[in-house]
Amino acid sequence: MQLFNAFLRTYRVRLVLAFALVVAVALGLVLATLPRLLDGYFQDQERQSLQTRADSVAVLVQEQLAIYQTLGTDSPRPILVPTVPLSPSDSMVQALGDAAGGYLADLTRRIALADLTFSIAPSRAEPLPVYVLTIPLDPAVGAPGQQREPISASQTIEIRDSWWSQTGLGAPMRLVTVTLSDPYTNRAQTTQTIASVLLAAASLALIVAIVAAVLLAQRLTDPIRRLTQASRSLAGGQLDSRVVVAPSESPEVAELAGAFNDMADRLQQSIQIISQDRDRSREFLADVSHELRTPIAALRTFNELLRDGASADPQTRDEFLEQSARQIERLDWLSTNLLELSKLDSGLVALDLRPDDLRVAVENAVEQAQPVASRKGVELVTKVPLVEVRQQHDPTRIGQVLSNLVGNAIKFTPPGGRVEVALEDAPEGAELSVTDNGAGITADELPHVFERFYRGTSSEAERGAGSGLGLSIAKSIVDMHGGRISIQSAPGSGTQIVVSLPRDMSISSPGEARG
């Protein structure tokens, strides 16, 4: 019972029932009113037809009486004889016949098709009839399906009684009345047939209406069903579920489906960003744990050795203290870079964009790196245009990018090598490049150089040192500027890193810059 009640409460069933109810009410009104209207119309038609037949019978009777008065004798015959009171003449009665047969009986069967009442009154001044003849209609005259109709029609005519004029008394006008009643008609049968046809048509129309209502309700509720399925799929984790909008859909349904799809797109993007952030956080935490484990383990080892008696040897103690200082510097470097990268990833860093001269950023980065290059014996060369290269950028952050790139180039360039920092101005934007002739990078390592904590698989000490975060930080800053960073390198041929900054910069959102 509960399932049945729930089924009746569904939107589709309600639409079908409402549509069927409207059609049923409309058909019920038609069935209740139309047969009555048709019955009244047919009854009026029958009355008019009966009146027409009554007029026709009266005219024929008038002609028959006229012929009766003049035909077959030397002098006219009377309609009424002068008795007290007046009475019909026998010859007139014989000429018209009686209920068993004769002229009036023949008119009853052939024309009147109803009970015929014939009466004669002396005059309009004496309208009381002195002769009345009723001829019932033979039941055999009625056709199958016809019924007697309780209606009547009369026609009164005046006929001059010409015999009286021969007697010198004047020719009075006799009142002859013909009344037709209870005719056989098809009205009841026709009305019943029409009612039956209407009932059958109404039943068929109701069935068609129910079928049409089911189809219409299915069409109207199908978008809701698809929306429900898509919502359940989204709730179940299928973030790519969308509602397909057919070209024939109504604008309201198309607008609703479009809004749902837009919501699903934004939800999918948000969840993807959250998932990516979660994965990054996990990877970041794992990488940080791994990177911090080495200097902490070294410091613990040095501390244990010193506590176990190694501090008694001054040379050993000094060596352990020097190594501990290096590990502490490494921890400081790691913490600084991790904090910087965390700020970039979380979007806490807001760019201070200015249309400044990029040559200043190049010169500052080269100036800061010059002492290190000089100590290592690496030639540091700058190639910048003679004119200003004004580009929308954050001077501090671009300087940080150049410092990382130049520092890496010096680190991996052997003494006597060369590092070149160049700036080029182009219509589509500015290009910053750092080129060295150092050891280079193998092809299998190039795709990973911008990953966090990646320091390569080379056994060189320089490659293994550092935090592995410099290039990752540089890429994040370049992405925030809407630019791109690329690297070209080969073992023994050196390395070139190019930073391209677009002229019309479309700054990425913090979430996009993290990619």
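**Strands, helices and cores in a predicted model**

Good morning. Strand 13, residues 429-436, and strand 15, residues 494-502, are paired antiparallel through eight bridges. Strands here are DSSP runs of E with at least two residues, helices are runs of H or I with at least four, and both are numbered from the N terminus. Two strands count as paired if DSSP finds at least two bridges between them.

A word on the source. This is a predicted model, in which local features need pLDDT of at least 70 and side-chain atom pairs count only at pLDDT 80 or more, while totals for chains, interfaces and linings use all residues. Residues are numbered from 1 along each chain as its sequence is written, and side-chain values use heavy atoms, with hydrogens and water left out.

Let us turn to the sheet around that pair. Its five strands form an open sheet with mixed pairing, in the order 10-12-13-15-14. Strand 10 (379-383) and strand 14 (484-490) are at the edges with a single partner strand each, so one side of each has no neighbour in the sheet. On average, neighbouring strands of this sheet are turned by 10° against each other, direction ignored. Helix 9, residues 358-376, packs on the sheet and touches strand 10, strand 12 (418-426), strand 13 and strand 15. The direction of helix 9 makes about 175° with that of strand 10. Such angles run from 0 to 180 degrees between N-to-C directions, with axes fitted to C-alpha atoms, for helices over the stretch in contact. Contact means heavy atoms within 4.5 Å. Helix 10, residues 395-411, lies across strands 10, 12, 13, 14 and 15, and runs at about 20° to strand 13.

What touches the most other members in the largest nonpolar core? Among its 38 residues, they are L380, L405 and V499. Such a core is a set of buried Ala, Val, Leu, Ile, Met, Phe, Trp, Tyr and Cys residues joined through side-chain atoms within 4.5 Å. Buried means under 20% relative accessible area, exposed over 50%, and partly exposed in between, with a 1.4 Å probe and protein chains only. Beyond its neighbours within four places in sequence, L405 contacts V434, L471, I485, I497 and V499. A second, separate core has 29 residues, including L50, L65, L107 and I151.

Helix 12, residues 470-480, is mostly covered, with ten of its eleven residues buried. L471 and I473 are among those buried residues. After helix 12 comes G482, with a positive phi near 75°.

Next, H393, which is in strand 11, residues 390-393. H393 is buried, at 1% relative accessible area. A polar atom of the H393 side chain lies 2.6 Å from the backbone oxygen of Q391. Not counting residues up to four places away in sequence, H393 touches several residues, among them D352, R354 and H481.

Finally, strand 3. Is strand 3 largely enclosed or open? Six of the seven residues of strand 3, residues 115-121, are buried, so the rest of the structure largely encloses this strand. Strand 3 runs antiparallel to strand 7, residues 173-181, and seven bridges join them. Here D115 stands opposite S181. Five bridges join strand 3 to strand 4, residues 131-135, again antiparallel, and I120 has Y131 as its bridge partner. In the loop between strands 3 and 4 lies A125, which counts as exposed at 72% relative accessibility.

How values were computed
A polar contact is a pair of N or O atoms within 3.5 Å; within protein, one must be able to donate a hydrogen and the other to accept it, and residues adjacent in sequence count only if both atoms are side-chain atoms.
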